[in-house]
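Me: Please take a close look at one strand hairpin in this model and at what surrounds it. I would like the pairing, the packing and the aromatic contacts in one connected account.

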Amino acid sequence: MSLRPRAGVVAPIPLLLLFGAFLAAIVYLVAASLTRRDAPVFPISPRERTRAANWARVGDTLTVDATDGARWQYVSLERGRVLTPPDTVGWEIAVQRYRVITPMTGAIADVGKMTFDQARPVTGSPFIVTTFITEPENAAIKHWYRYNLLTHLLEPNGHIYVVRAPTGALWKLAVVSYYCPHLQAGCLTLRYAPMSPR
């Protein structure tokens, strides 16, 4: 008696795999449609703003309108605001949509997942300079987010970064959110505080 499948009969294992893939796709689509799209949202910080008296100890929060994918927004952590062109001298970071860079004489270190208060420069977390090969990019903070496949939202990965300014001053930095009200993408909310004398 032959154990070979008859001509025209599909082998059961490939058929089961195909059916399993189909079911997985259906489950994903249903789950994605039922998952509530929710993320922390913050209004854009005004250009002229006053920080709290104890901001250097507890940190300050700044929301940058980086929605224009063709324009960089230059941020002075020292002054706690986005700089208005042509006065862009003295910036420590610049943001464009989800990208974050430093000036050529600055650098960023990823010190890992921890609370903002715990952040310290860690041996073995090298400072990475921004490269300008094709588009400006800083590899240390390039992946500050994780992409949620169900909600299609960018979520901070919980890492803390240390920014070394061109002056040598150190700033701890955390990405808090990527959204303005109504889940408008491209509004980067940053928490930051000095780590060395300014």
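Reply: In this predicted model, strands E4 and E5 form a hairpin with two residues between them. Arg 97 sits in the turn and has a positive phi of about 55 degrees. E4 covers residues 93-96, and E5 covers residues 99-101. The two strands run antiparallel and are joined by three bridges. Within that pairing, Val 95 stands opposite Val 100 in E5.

E4 also pairs with strand E2, residues 73-76. Three bridges join E2 to E4, and this pairing is antiparallel as well.

Leaving aside neighbours within four places in sequence, Ile 93 is in contact with Gln 73, Tyr 74, Val 75, Leu 77, Val 100, Ile 101, Thr 102, Val 163, Leu 173 and Leu 190. Ile 93 is also among the residues with the most contacts inside the largest nonpolar core, together with Trp 144, Trp 171 and Leu 188. That core has 29 residues. E4 supplies at least two of its residues, as do each of E1 (60-65), E9 (159-164), E10 (170-180) and E11 (184-194). The largest share, five residues, comes from E10. A second, separate core has eight residues, including Val 111, Ala 119, Ile 160 and Ala 174. In soluble globular proteins, nonpolar side chains tend to be buried together.

Ring pairs link Tyr 98, Trp 144, Tyr 145, Tyr 178 and Tyr 179 into a cluster. The structure holds eight aromatic pairs. One of them joins Trp 55 and Tyr 192, a tilted pair at 6.0 Å centre to centre with 50 degrees between the planes. Trp 55 lies in helix H2 (residues 55-58) and Tyr 192 in strand E11, so this pair ties together parts that are 137 residues apart in sequence. Both Trp 55 and Tyr 192 are buried. Trp 144 and Tyr 145 form an edge-to-face pair, with 5.2 Å between centres and 75 degrees between the planes. Trp 144 counts as buried because its relative accessibility is 1%, whereas Tyr 145, at 23%, counts as partly exposed.

Two arginines lie over ring faces. Arg 51 is over the face of Trp 55, at 3.7 Å from the ring centre. Arg 164 is over the face of Phe 127, at 4.9 Å from the ring centre.

Last, the disulfide. The count comes to one, and this link joins Cys 180 to Cys 187 with an S to S distance of 1.8 Å. The link is left-handed, with -105 degrees about the S-S bond. Cys 180 counts as buried because its relative accessibility is 3%, and Cys 187 counts as buried at 0%.

Notes
Residues numbered from 1 in each chain as written. Predicted model: local features only at pLDDT ≥ 70, side-chain atom pairs only at ≥ 80, totals over all residues. Heavy atoms only, no water. Buried < 20%, exposed > 50% of the residue type's maximum accessible area, 1.4 Å probe, protein only. Helix = DSSP H or I, 4+ residues; strand = E, 2+ residues; numbered from the N terminus. Pairing = 2+ DSSP bridges. Disulfide = S-S within 2.5 Å. Core = buried A, V, L, I, M, F, W, Y, C linked by side-chain atoms within 4.5 Å. Contact = heavy atoms within 4.5 Å. Phe/Tyr/Trp six-rings, centres within 6.5 Å; stacked < 30°, edge-to-face > 60°. Lys NZ or Arg CZ within 6 Å of the ring centre and 35° of its normal.
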